[in-house]
Amino acid sequence: HDASTEQLFEINEITQEFELKIDKLRKIQNYFMKQLKIGLEKDGQNLSMVPSFVTSVPTGNEIGTYLTLDLGGTNLRVCKVILEGGGKIHIIEGQLYEISEDLKTGDITVLFDFIADCVENLLSKEWGDSIQKNDKIDLGFTFSFPIIQTAINKGTLLKWTKGFTCTGAVGNDIVSILQESFNRKSLPVKVTALINDTVGTALAHAYSHPKVILGAILGTGTNGAYFERLENIKKLNHNFDSSDKMIINIEWGAFDSEKVILPITQYDNKLDKESNNPNSQIFEKLISGMYLGEITRNILLHLIDRSLLFNGLSSKSLNQHYAFETKYMSIIESDNTETLENTKQILENLFHISITNLTDRQIVKRICQLVGIRASRLSSIALASIISYCKMEGNECCIGIDGSLFEKYPNFSIRIYNTLKEFFGENADKIGLHYTCNGSSVGAALAAFSANQSK
Ligand code: ADP
């Protein structure tokens, strides 16, 4: 089976829509850096540039035992984190709890009461009767949704993302609502620090890598946090003593939600319109794990509708929104069998496409590549912007990156690295891209430590 002229023509069209040359990437990078500066001056900008109120850069010598909570996507993680000093950390993982659709879309008190139950489980397992009367255990809460923070333990939710829509949360202080859930159950827990997963990743990576300039997330969503000099954060009117830096949560998932400069295709627009947060998180919708599969599905349906794929026949399962998960793209992209057997398995067994020929499967693989490469190139813009903004071109530095997309998607990190080479030439060799896990829990513990120091 060779591809027909019509198939080749259409794939060529889609390729042109998805390919991003370095000139375009540089234009977007310039725009990104402009938005970054505007966001530091005023509230409510395209890049929120949220001050984290974490003003100490970890040294590796911090000591203490903390409870940590990580809520921000697919799962809830509860951990006991022991900072042992000397750069050593001991993490005792509690259970991973999946957040059900009901919890994601119900009232916030129901979700947080559920979280309190999960914390209680770990408390009784790990602390048991050792907690003295009147003792409170400090908890660092990693909450990865857009918030406006006014103190290290105070943050108002601006809006939900990543499929969450709980009532009673937007506009309210997340720490108070969580603390009330603990109080209702009389748990000896004090919510000491509220951070974002990117802030956590930056903090945790700094514990062992002094040259870190940025913590980034490439998972269900995407975002980044970096160390900024206090004098540059024009919109903050606080007096801070001793330290001269603060971690800023960029909230880059929302970058260019006005669609001024990003290369938005019809497939992205379809996804955006049908999402539960249209016209927001546009950058994230082109890049992150939650969406790549859906963009791919939209393209496959487009080709099916034109009888250019699977003989024009779709299936009930392929017609389901979000059914084509990003992890299938990973399998398809790494399918190096001659006849694309793994791809065939997914299409025929999982998605019940009655029969596929090799050309079909090659087209599907090609589409996955186009969507995956575009995502890695666009995410490189955010990294390149921070590298340039911090004037680190040519200097040794590193970036800590957490998230399953970065960890598991084939070649994602190599593609980022190659794109950084297009941006910075040989100087890209001086940039370390480090996969970091546990950023959320270790970072939350470090933030709780920092909060206690500055009391
Ligand atoms: P979080 O929800 O905290 O961001 P992860 O970093 O694990 O958690 O990211 C989960 C996302 O990663 C899912 O939305 C999914 O799309 C994506 N993902 C999971 N497994 C894979 C995989 N094998 N390849 C690519 N993406 C994956």
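This is a stop-by-stop tour of the structure, from the whole chain to single residues.

**Before you start.** The model is predicted: local features need pLDDT of at least 70, side-chain atom pairs count only at pLDDT 80 or more, and totals for chains, interfaces and linings use all residues. Residues are numbered from 1 along each chain as its sequence is written.

**Whole chain.** Show the protein chain as a cartoon. It has 15 helices and 13 strands (DSSP runs, numbered from the N terminus: helices are H or I of at least four residues, strands E of at least two). The radius of gyration, taken over C-alpha atoms, is 23 Å, close to the 23 Å that the globule rule gives for 455 residues, so the chain is as compact as a globular protein of that length. That rule is 2.2 Å times the number of residues to the power 0.38. Along the principal axes, the C-alpha atoms fill a box of roughly 75 × 45 × 40 Å. Of the 455 residues, 48% count as buried (20 or more other C-beta atoms within 10 Å of the residue's own; exposed means 12 or fewer, partly exposed in between; C-beta atoms are placed from the backbone).

**The ligand.** Select the ligand and its shell. The shell holds 16 residues, and the closest are G73, G219, T220, G289 and S404 (near means a C-beta atom, placed from the backbone, within 6 Å). Now colour α9 (289-305), α10 (326-333) and α13 (404-408): these elements each give two or more residues to the shell.

**Helix α5.** Select residues 174-184. I174, V175, L178, Q179, S181 and F182 are buried. They cover an arc of only 155 degrees around the axis, which puts them on the same side of α5 (the arc is that of the directions from the helix axis to the C-beta atoms). Turn to the other side: N183 and R184 are exposed there. Just after α5, stop at S186, with a positive phi of about 55 degrees.

**The six-stranded sheet.** Select the open sheet with the order β1-β11-β10-β9-β12-β13 and mixed pairing (two strands pair if DSSP finds at least two bridges between them). Its edge strands, β1 (50-51) and β13 (431-435), each pair on one side only. Zoom in on β12 (residues 397-402). Five bridges join β12 to β13, and the two run parallel. Finish at I399, which stands opposite L433 in β13.
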